[in-house]
Amino acid sequence: MRLWSALPPGTAANGARELVIQRLMFVGKVCENEEQRLLENVHAEEERVHQSILTQQAHWTEALQKLDALRTYLVDMITNLDDQGLVRAEKEIFERTEVAEGILEPQESAKLNFNQQCVQSPLLHRLWASAVLSCITGSQEIHIDEKTVSPHLSLSEDKKTLTFSPKKAKLDLDCPDRFDHWPNALATAAFQTGLHAWKISVEKSCAYKLGVCYGSLPRKGSGNEVRLGFNAASWVFSRYDKEFRFLHAGRPLRHRSIPSLR
């Protein structure tokens, strides 16, 4: 039995081409709308900070005027009073000095801190991630190297799923490849260069971490040299409750690429 297409091949190709064009136009429109939204947020933030700066300028202008008046008063008092007069005016001089010190105290203003959230776009981040995943040809399933699994982690039979447990499992801690303290485990496959992406299922977990590291990362002990993201040999993305972090060498990173590991 043979199945024949109801549409000529050219018609089917044209239809597919039109569908791709429509999708691209839709994504382009979404990006334009998101760009406009971000620009409006940035302009609003600029106006807010500008107004705060003007308020601070007015405050310091007034403070300088008060300081100038106090300086003139104190210089005149010290110049014109004799020693006995200065002794009698000691309390007043001290009080005026305290007032001057208070004027010099900076006025705290959270408005002067630029709000980084107004220039971040979860939508564009998702589009970027989707584009990266779409550009990667071929896929390779990641399996966990059983010899590296920490005693705080349990590995599924298919070597794909790790589950944390606060209670240590009875494993061979003398194995040189095994992490004996931090809940780490390495994949069996390594890479040296290129673009790599992973699809990770975290289900409903509110605590997890995913990292990359050099093969030379130490496996033993509780120091930061073994902890993912807290040394120069590893990077980690983690979630704890509602806090998301991307760490390298113990410092949070923003919009930085991970260099090729060798």
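Contact here means heavy atoms within 4.5 Å. The model shown in these views is predicted.

View 1. Arg178 is part of the loop that runs between β2 and β3. Leaving aside residues up to four places away in sequence, Arg178 touches Glu146, Lys147, Thr148, Val149, Leu171, Asp172, Leu173, Arg219 and Lys220.

**View 2. A nonpolar patch on the surface.** The patch is formed by Ile142, Phe191, Trp198, Ile200 and Leu210, which together have about 410 Å² of accessible area. Of these residues, Ile200 is found in the loop between β2 (162-164) and β3 (207-213).

**View 3. The tilted aromatic pair of Tyr214 and Trp235.** The whole structure contains two aromatic pairs. In this one, the ring centres are 6.0 Å apart and the planes stand at 45 degrees, so the pair is tilted. Tyr214 belongs to the loop between β3 and β4 (234-240) and Trp235 to strand β4, so the pair ties together parts 21 residues apart in sequence. Tyr214 is partly exposed, with a relative accessible area of 25%, whereas Trp235 is buried, at 6%.

**View 4. The stacked aromatic pair of Phe237 and Phe244.** The two rings lie 6.1 Å apart, centre to centre, with 25 degrees between their planes. Phe237 is partly exposed, with a relative accessible area of 35%. Phe244 is also partly exposed, and its relative accessible area is 47%.

How values were computed
Residues are numbered from 1 along each chain as its sequence is written. This is a predicted model: local features need pLDDT of at least 70, side-chain atom pairs count only at pLDDT 80 or more; totals for chains, interfaces and linings use all residues. Side-chain values use heavy atoms; hydrogens and water are left out. Patches are made of residues with over 30% relative accessible area and no salt bridge: like charges are joined within 9 Å, nonpolar side chains (Val, Leu, Ile, Met, Phe, Trp, Tyr) within 5 Å. Accessible areas come from the Shrake-Rupley method with a 1.4 Å probe; for residues, only the protein chains shown count as cover. A salt bridge is a side-chain nitrogen of Lys or Arg within 4 Å of a carboxyl oxygen of Asp or Glu. Helices (H or I, at least four residues) and strands (E, at least two) are DSSP runs, numbered from the N terminus. Rings of Phe, Tyr and Trp (its six-membered ring) pair if their centres lie within 6.5 Å; planes under 30 degrees apart count as stacked, over 60 as edge-to-face and the rest as tilted. Buried means under 20% relative accessible area, exposed over 50%, partly exposed in between (1.4 Å probe, protein chains only).
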